[in-house]
Amino acid sequence: RWEEAPPRLQALQKLLTGSVRFLAPYEVRQGQEAVARLQGDLAARRQELQPKKKFAFRALKKEAAPGSAPRLAEPAAPAPATSGPGLAEGESGGPLLCGFSGAQDEELELGPAELLQQDVLLSELRGCRVRLRGNPNTLRVRDCRGCTVLCGPVSTSVLVDGCSDCLLALACQQLRTHRTRDCRVYVQVTSRAVIEACTEVSFAPYSWSYPGIEEDFESSGLDRNSNNWNLVDDFDWLATDKPSPNWSLIPEQERISCWD
């Protein structure tokens with residue numbers, strides 16, 4: 001029964017998370033990629049069985065005059081019916097349930113009702129500030145430039161791919177960052193974060209908050225007391241006697257404490 005798959009997959013992810021300290025980086029990578037494929041297959045199956053929904057997302061342009069009515073933003077365009085080279089790793093290629101795509105210089109928001117256990121994609125955003133207050137199942141941030149992405153606790157994995165000059169606040173079981181440069185990541189992650197083909201990525205502990213975040217952490221299943229924010233595996237750096245030059249920790253005095 002496919003309904004049994006989500007808790008079993010979550011248990012598998014927790015098993016992998018608890019085993020990373022005993023496994024070689026290559027074995028961790030293989031396990032993470034296998035879990036990501038299963039998550040993509042599960043998302044595709046969920047989308048097949050759920051009725052299609054249309055969302056109207058609020059998007060306020062930064063330069064909008066005070067008192068002006070908010071403009072409705074278009075939801076992310078549906079992905080092609082079959083996967084192709086343009087899809088980020090782990091994407092199912094099915095229709096998207098929620099997300100934003102192609103916006104520029106906008107304030108974008110989603111709340112708990114839209115996000116609960118959904119698979120969210122943010123793609124090709126430029127200069128946007130995105131607030132995701134709620135508990136998604138997965139999050140993918142793809143090809144974004146100069147954006148701020150603040151997200152509540154994600155039950156399983158976050159994939160950041162092809163981004164630059166971004167500020168991200170993320171809480172998840174698994175964080176994978178590909179082809180990304182000059183980004184600051186405030187993260188709570190219960191496994192070890194992974195970077196690949198990345199440069200100038202810096203990390204600090206997750207510190208974003210909003211009303212209702214404790215309930216979202218509870219529904220996500222994440223352990224608030226488990227945070228490996230400063231443990232990062234760089235798959236492009238094999239030396240064990242020298243730290244990777246591709247990532248660093250944000251000095252405590254330079255970390256953001258007030259997000260609004």
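Which residue just after α4 takes a positive phi? G221 does, with a phi of about 85 degrees. The legends below describe a predicted model, in which local features need pLDDT of at least 70 and side-chain atom pairs count only at pLDDT 80 or more, whereas totals for chains, interfaces and linings use all residues. Residues are numbered from 1 along each chain as its sequence is written, and side-chain values use heavy atoms, with hydrogens and water left out.

**View 1. The protein chain as a whole comes to four helices and 16 strands.** Helices (H or I, at least four residues) and strands (E, at least two) are DSSP runs, numbered from the N terminus. Of the 260 residues in the protein chain, 50% are buried, where buried means under 20% relative accessible area, exposed means over 50%, and partly exposed lies in between (1.4 Å probe, protein chains only). The chain exposes about 12900 Å², of which carbon and sulfur atoms supply 52%; accessible areas come from the Shrake-Rupley method with a 1.4 Å probe, and for residues only the protein chains shown count as cover. Among contacts with a separation of 6 or more, 41% are accounted for by residues 24 or more positions apart, a contact being heavy atoms within 4.5 Å.

**View 2. Seven strands form an open sheet with parallel pairing, in the order β3-β5-β7-β9-β11-β13-β15.** The edge strands, each pairing on one side only, are β3 (98–101) and β15 (232–234), and the twist averages 10 degrees from one strand to the next. For such angles, axes are lines fitted to C-alpha atoms (for helices over the stretch in contact), and values run from 0 to 180 degrees between N-to-C directions. Strand β13 (residues 193–196) pairs with β15 in the parallel sense over three bridges, two strands being paired if DSSP finds at least two bridges between them. Within this pairing, A193 stands opposite V232 in β15.

**View 3. Helix α4 (residues 213–220) has buried residues I213, D216, F217 and S220.** Seen down the axis of α4, these buried residues fall within an arc of 100 degrees, so they line one face of the helix; the arc is that of the directions from the helix axis to the C-beta atoms. E215 and E218, on the other side of α4, are exposed.

**View 4. R131 lies in strand β6 (residues 129–132).** R131 counts as buried because its relative accessibility is 12%. Its side chain is joined to that of E107 by a polar contact of 3.0 Å, that is, a pair of N or O atoms within 3.5 Å, of which, within protein, one must be able to donate a hydrogen and the other to accept it, while residues adjacent in sequence count only if both atoms are side-chain atoms. Beyond its neighbours within four places in sequence, the contacts of R131 include L150, W208 and D260.

**View 5. R145 is placed in the loop between β7 (138–142) and β8 (148–153).** With 32% relative accessibility, R145 counts as partly exposed. Although R145 and S164 are 19 residues apart along the chain, their C-alpha atoms are separated by 5.1 Å. Leaving aside neighbours within four places in sequence, R145 is in contact with residues including L125, R126, C163 and S164.

**View 6. R179 has a positive phi, near 45 degrees, in a residue other than glycine.** R179 sits in the loop between β11 (174–178) and β12 (181–189) and, at 47% relative accessibility, counts as partly exposed. D182, in strand β12, is not a glycine and has a positive phi of about 50 degrees; D182 counts as partly exposed at 36% relative accessibility.
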